[in-house]
Amino acid sequence: MGAAILTDLLTEILIPVAAVVGIGFALIQWGLVSRVKLSPEKQGPPAGSNNKNDYSDYLIEEEEGLNDHNIVVKCADIQRAISEGATSFLFTEYQYVGIFMVAFAILVFLFLGSVEGFSTKSQPCTYSKDKYCKPALANAIFSTVSFLLGAITSLVSGFLGMKIATYANARTTLEARKGVGKAFITAFRSGAVMGFLLAANGLLVLYIAINLFKLYYGDDWEGLFEAITGYGLGGSSMALFGRVGGGIYTKAADVGADLVGKVERNIPEDDPRNPAVIADNVGDNVGDIAGMGSDLFGSYAESSCAALVVASISSFGINHDLTGMCYPLLISSVGIIVCLITTLFATDFFEIKIVKEIEPALKKQLIISTFLMTVGIAILSWIALPSTFTIFNFGVQKQVRNWQLFFCVAIGLWAGLVIGFVTEYFTSNAYGPVQDVADSCRTGAATNVIFGLALGYKSVIIPIFAIAVSIFVSFSLAAMYGIAVAALGMLSTIATGLAIDAYGPISDNAGGIAEMAGMSHRIRERTDALDAAGNTTAAIGKGFAIGSAALVSLALFGAFVSRAAISTVDVLTPKVFIGLIVGAMLPYWFSAMTMKSVGSAALKMVEEVRRQFNSIPGLLEGTVRPDYATCVKISTDASIREMIPPGALVMLTPLIVGTFFGVETLSGVLAGALVSGVQIAISASNTGGAWDNAKKYIEAGASEHARTLGPKGSEPHKAAVIGDTIGDPLKDTSGPSLNILIKLMAVESLVFAPFFAAHGGILFKIF
């Protein structure tokens with residue numbers, strides 16, 4: 001077999017050290033961002049500062065009024081209002097989610113405990129019948145604990161992200177007075193704080209949980225890693241509510257603010273006279289930041305759990321090879337170090353001087369991290385894996401070499417980059433597709449909608465081929481374990497991906513604060529340039545999330561089929577086919593719920609904004625302050641109320657199908673939801689992103705073509721705003737939530753597989 005070079009002791013040191021380094025780096029970035037003061041006292045340069053990207057050149061004034069105390073006070077006030085609104089919403093949401101979390105934890109315990117009638121006796125192992133494993137009751141208790149751990153880590157990830165974003169938004173605005181380079185660094189560093197905290201916390205909590213569980217399980221690695229899958233279930237179930245609730249909040253406010261403010265009243269975006277403007281900016285943080293943080297944490301947790309489950313019943317688990325077993329965690333550890341080096345390229349090694357350098361700098365982050373990670377995985381596969389080992393493949397052990405596993409991870413990593421750049425091509429206004437959509441606005445909103453939908457459908461083609469190739473190659477090389485580590489490969493640069501993703505909403509908020517604080521047009525131009533680049537990179541981030549969700553859910557599906565002892569999933573049998581067709585319908589049902597929720601909430605918001613404009617004298621003239629609180633309350637109430645039905649649909653479907661129709665029908669449901677969910681998620685996200693950037697293309701007027709469609713307030717611009725408004729719930733609510741749907745149903749089925757295998761299919765047993 002050839003033993004691995006890396007010893008077990010070194011493995012046990014490397015994983016926590018990498019996580020601690022990630023947390024330390026995040027805190028250093030936080031310290032650098034906090035040097036930008038949000039108080040009107042005159043600040044001098046920090047002692048001993050000489051870095052070209054630091055704040056030493058405080059007195060170099062590119063913009064008049066750099067030390068205007070009134071503007072600093074205004075920015076601080078607006079930032080406080082946004083932060084308080086976001087914190088208040090998340091606390092309200094977490095109260096409801098907390099009740100669900102406790103109720104579902106009880107459900108996990110009851111279902112899994114009842115497999116052997118709450119017996120405390122050891123039972124024959126699932127995959128090695130000649131050995132005895134820990135009792136089903138222990139599996140129930142530890143699965144419940146890991147579910148709660150995953151859920152709490154997910155909530156903390158989302159909350160930390162929101163706090164960092166609301167801390168950084170006004171600081172980015174103030175730095176924009178010194179030039180676009182300073183603002184970029186502040187926004188990007190803040191994104192990096194979130195990225196590294198989330199990646200490192202996710203790894204550290206999982207590693208500690210495994211080691212604590214090992215104290216009880218001892219040599220029973222099969223039972224240990226089966227119990228750990230609850231961690232992924234907890235992470236994703238909280239992410240679902242975060243994404244749906246946050247998505248409804250942010251889009252209700254955004255649609256209401258845009259339709260009345262920009263289309264009807266012809267006032268600029270983020271104008272302080274618009275009553276929905278604070279709710280809109282709060283929404284960026286609770287939807288795009290907190291929701292996205294929980295989502296990507298869920299993906300990471302599930303892909304790690306899927307890989308660990310398969311590894312535990314392969315030669316790594318059978319021979320108790322700790323280093324080989326921890327290969328998925330080592331990938332994440334190397335990823336943190338690679339992302340740390342990559343981040344320095346954006347913040348320290350190169351300086352951004354002009355607007356045109358922003359988007360290339362963000363794209364270079366993806367390219368550099370992918371190249372460095374490929375080298376890192378090659379070295380890791382060489383030192384951490386035996387030269388040959390076996391992987392469990394539906395009842396048989398498949399012999400695999402270490403270089404084959406390297407290719408599995410690498411193909412996932414590079415498929416992620418391909419999906420990212422295809423997404424960018426279809427959503428960036430620098431390329432033909434979005435410019436065609438903008439041009440279609442000449443003849444009104446209808447043609448804009450037709451072109452946008454066509455673009456979204458077309459944008460699915462290459463990502464699906466990329467996912468298909470990675471699935472085929474990784475499965476051929478290393479069975480289901482290959483697919484699980486390919487998903488981990490795609491998520492290995494999660495810290496950089498999240499930094500780029502979080503940068504967008506922070507820049508968007510910075511622009512809003514500049515507008516509300518009455519800062520000059522030049523400042524707004526700079527923040528708009530940061531925001532436009534952030535929009536494209538956010539679309540790239542969504543592409544990564546959807547691609548990894550497809551691989552993760554397939555790996556979980558494979559683990560479920562093995563655990564439920566299904567020999568083959570035959571679509572020609574009626575039990576499986578009915579599941580398949582119902583599963584393919586679920587993403588449409590889910591999307592209908594979330595779209596309708598945004599529409600209903602937006603309707604209330606539009607009515608409230610209109611009421612204020614019509615009934616408050618002096619509001620349009622700017623002499624009276626609008627009632628922001630009522631709009632914030634409308635968004636909060638609507639999102640809390642409306643997030644429950646879609647969440648219940650996703651969480652209850654596997655339980656109902658598995659219990660009443662059995663594991664074969666459930667396998668059909670999972671396959672159907674995966675196949676249709678991925679397509680809808682990609683097209684919805686890209687259609688919305690294209691409409692958004694088509695509007696920005698017209699507003700910026702950067703080319704001759706764009707100027708013929710503008711300026712703001714022209715008929716083509718109004719048509720573009722309508723397209724953008726339709727696209728908002730597609731790209732920020734339905735699309736991103738669908739990738740959670742396909743992962744969550746798969747991981748939930750895996751966690752409850754022992755119960756379904758023992759007691760499922762009640763209806764088919766009766767009839």
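This is a predicted model: local features need pLDDT of at least 70, side-chain atom pairs count only at pLDDT 80 or more; totals for chains, interfaces and linings use all residues.
**View 1. Cysteines without a partner.** Let's begin with sulfur: a disulfide is a covalent bond between the sulfur atoms of two cysteines. How many disulfides does the count come to? It comes to zero. Take Cys326, whose sulfur has its closest cysteine sulfur in Cys305, 13 Å away. Cys339 is in no disulfide either, with the nearest cysteine sulfur, that of Cys326, sitting 20 Å away. Are these two cysteines buried or exposed? Cys326 is buried at a relative accessible area of 8%, and Cys339 is buried too, at 0%.

**View 2. Asn266 and its positive phi.** Here's a bit of background for this view and the next: most residues other than glycine have a negative phi. Asn266 is not a glycine, yet its phi is positive, at about 55°.

**View 3. His320, in a loop between two helices.** His320 is another residue that is not a glycine but has a positive phi, of about 55°. You'll find His320 in the loop that links α7 (315–318) to α8 (322–325). With a relative accessible area of 31%, His320 is partly exposed.

View 4. Seven names to spot here: Leu9, Ile13, Val17, Val21, Ile337, Ile341 and Leu372 make a nonpolar surface patch of about 540 Å². Which elements give two or more residues to the patch? They are α1 (8–33) and α9 (327–349). The largest share comes from α1, with four residues. Leu372 belongs to helix α10 (residues 358–384). Its relative accessibility is 31%, so Leu372 counts as partly exposed.

**View 5. Helix α15, wrapped up by the rest of the structure.** Helix α15 covers residues 494–516, which makes 23 residues. How far does α15 reach from its first C-alpha to its last? The span is 33 Å, close to the 33 Å expected at 1.5 Å a residue. Of the 23 residues in α15, 21 are buried, so the helix is largely enclosed by the rest of the structure.

How values were computed:
Residues are numbered from 1 along each chain as its sequence is written. Side-chain values use heavy atoms; hydrogens and water are left out. A disulfide is a pair of cysteine sulfur atoms within 2.5 Å. Buried means under 20% relative accessible area, exposed over 50%, partly exposed in between (1.4 Å probe, protein chains only). Patches are made of residues with over 30% relative accessible area and no salt bridge: like charges are joined within 9 Å, nonpolar side chains (Val, Leu, Ile, Met, Phe, Trp, Tyr) within 5 Å. Accessible areas come from the Shrake-Rupley method with a 1.4 Å probe; for residues, only the protein chains shown count as cover. A salt bridge is a side-chain nitrogen of Lys or Arg within 4 Å of a carboxyl oxygen of Asp or Glu. The expected span of a helix is 1.5 Å times one less than its number of residues.
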